[in-house]
Amino acid sequence: MSDDKTVLWTAADAAAATGGRLAGPAAWTATGVTIDSRKVAPGDLFVAIRGPNFDGHAFVGAALTAGAAAALVDHVPDGLPADRPLLIASVDTLEAMAALGAAARARCGARFVGVTGSVGKTGTKETLRHVLLAQGPTYATEGSLNNHWGVPLSLARLPEASAYGVFELGMNHAGELGPLSRQVKPDVAIVTTVEAAHLEFFSGVEAIADAKAEIFEGLGADGVAVLNRDNGQYARLAAAARRQDLTHIWSFGAHAEADARLVDCSLHATCSAVTAVIRGERLQYCLSLPGKHWVMNSLAVLLAVKALGADVAAAARSMSTLQPVKGRGTRKRIKLPQGAFTLIDESYNASPAAMAATLEVLGKIDPGAGGRRIAVLGDMRELGGRADALHIALAEPLRAAHVDTVYACGPHMKALFDRLPEAMRGAWTESSVDLAPIVTAAVKGGDVIMVKGSLGSRTGLVVDALAALDSGRESEDKAASRTTNQPQAAAQGQQGPRG
């Protein structure tokens, strides 16, 4: 949905974009686009997507009742009154929504950035949104709408008056990223890094790099590829960019030849002080989010800002006011009768590289008097035959971070848990549902608790249980939301985020 009430689509423009025909009242205007009838805002165009379990056409009536301006369908749903405002497509509604997105992209004169990578996509996208908003009207994808339905949906929501557009592009199979990039047609393409993620679907990290390189397919001849110079797949990615006839290949990192070069950084528990040279311009700035991984991605952001022709120094100054995204480092002090503990919510997703980076941040936070560093870990998904070994490898980052106690859930975390020193073992359970009450019973004032796992591990349930201690009672509404969100989303054509 759009951030304001600017008209995105008139009935006539939407019909022209999709090649569909209007039925019922035809004078409507849409100020937003959605595929989830539960999240309809007044003025939205509801797109009835067919999902793996349910057909969005079954929710058209509910969406219109909730205030949708109209519904994009491929047939008139049974039982719907004849006077309902519909846009009837002659193709599948997902294809029609893609056409809507293509029309929005074509009419918008903004400069566009596409962001992909094994880790850091959403954080980099949100950082770009933050620093560019201070320089002009900026639109960015909401959450992790980065797949085959999320990208066209995001494009369909694109305000025509935008000066900058930032799009996250994800995948977990080869061949997925190229079509998304060709839809967005970015002027700048960032690959944050290539790491061991989604190994269940790839032969190795090199194959993951090849899949990430598909983002270059949407770049024009004058486009800029922004690559991690310190990553082991840099040369492979640069070669792939050259095969797309790209000549502007810029890099970031600590490497002496990086276009955005890290000179120095001081890492603290809540922030980082950074000195960098961005294509010859030396900058010193404060990054309000802690961790070396945030520092490195801030270099990619500033390099993209440079490629867009925006003000790099102003963007660097904006880094001091960044706020973490929910589930990706948000912190909260939870009061208990005997004191307070710090809760770090990293529950949105996980990979080996992201786990290691997050544990490094945990290691820099000093517990309160009598408190402990506690890691609550859920399985990292889609790692294939190397899953157990990659989970076991987390023992070293845990040791380096001086973690006192580990609570874990999931079959692969069992492999790690069994190899930890006995003094470090808190508890292991099969599921986060079983783990949550154990962790809440064990927490005490002064503790610092970090919770992280892949989305499918549902470690967010542990976060909700810990947060509920602040009021002394379980938050049933939050727990229910966590439990039901994914199935209901799938029912309306949604799928989880991709890497």
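## Annotated spans

In this predicted model, residues 31-100 are 20% helix and 20% strand, and the C-alpha atoms at the ends of the span lie 14 Å apart. UniProt, in an unreviewed entry, lists these residues as "domain: Mur ligase N-terminal catalytic".

The annotation "domain: Mur ligase C-terminal" covers residues 340-454. Over residues 340-454, the chain is 37% helix and 24% strand, and the end C-alpha atoms are 27 Å apart.

## Domain assignment

The domain assignment of the protein gives domain 1 as residues 9-93, domain 2 as residues 108-321 and domain 3 as residues 330-472. The centres of domain 2 and domain 3, taken over C-alpha atoms, are separated by 29 Å.

## The interface of domain 2 and domain 3

The size of an interface is often expressed as the accessible area that is lost when the parts come together. Between domain 2 and domain 3 the buried area is about 1,300 Å², and carbon and sulfur atoms give 62% of this area. By class, the side of domain 2 that touches domain 3 comprises 8 nonpolar, 7 polar and 3 charged residues.

In terms of residue contacts, 18 residues of domain 2 are in contact with 16 residues of domain 3. The rule finds 2 residue pairs in polar contact across this interface, both at pLDDT 80 or more. For salt bridges across the interface of domain 2 and domain 3, the count is 0.

## Salt bridges

Side chains of opposite charge can pair when their charged atoms come close. By the rule applied here, the count comes to 18 salt bridges.

One example is the salt bridge between Glu 126 and Arg 129, in which the closest N and O atoms are 2.9 Å apart. Both Glu 126 and Arg 129 lie in helix H4, which spans residues 121-133. Glu 126 and Arg 129 are 3 residues apart, about one turn of the helix.

Key. Residues numbered from 1 in each chain as written. Predicted model: local features only at pLDDT ≥ 70, side-chain atom pairs only at ≥ 80, totals over all residues. Heavy atoms only, no water. UniProt positions renumbered as here; feature names shortened; annotations may be inferred. Helix = DSSP H or I, 4+ residues; strand = E, 2+ residues; numbered from the N terminus. Domains from an automatic or database assignment. Contact = heavy atoms within 4.5 Å. Buried area = accessible area lost by both parts, 1.4 Å probe. Salt bridge = Lys/Arg side-chain N within 4 Å of Asp/Glu carboxyl O. Polar contact = N/O pair within 3.5 Å; in protein donor to acceptor, adjacent residues only side chain to side chain. Nonpolar A, V, L, I, M, F, W, Y, C, P; charged D, E, K, R; others polar.
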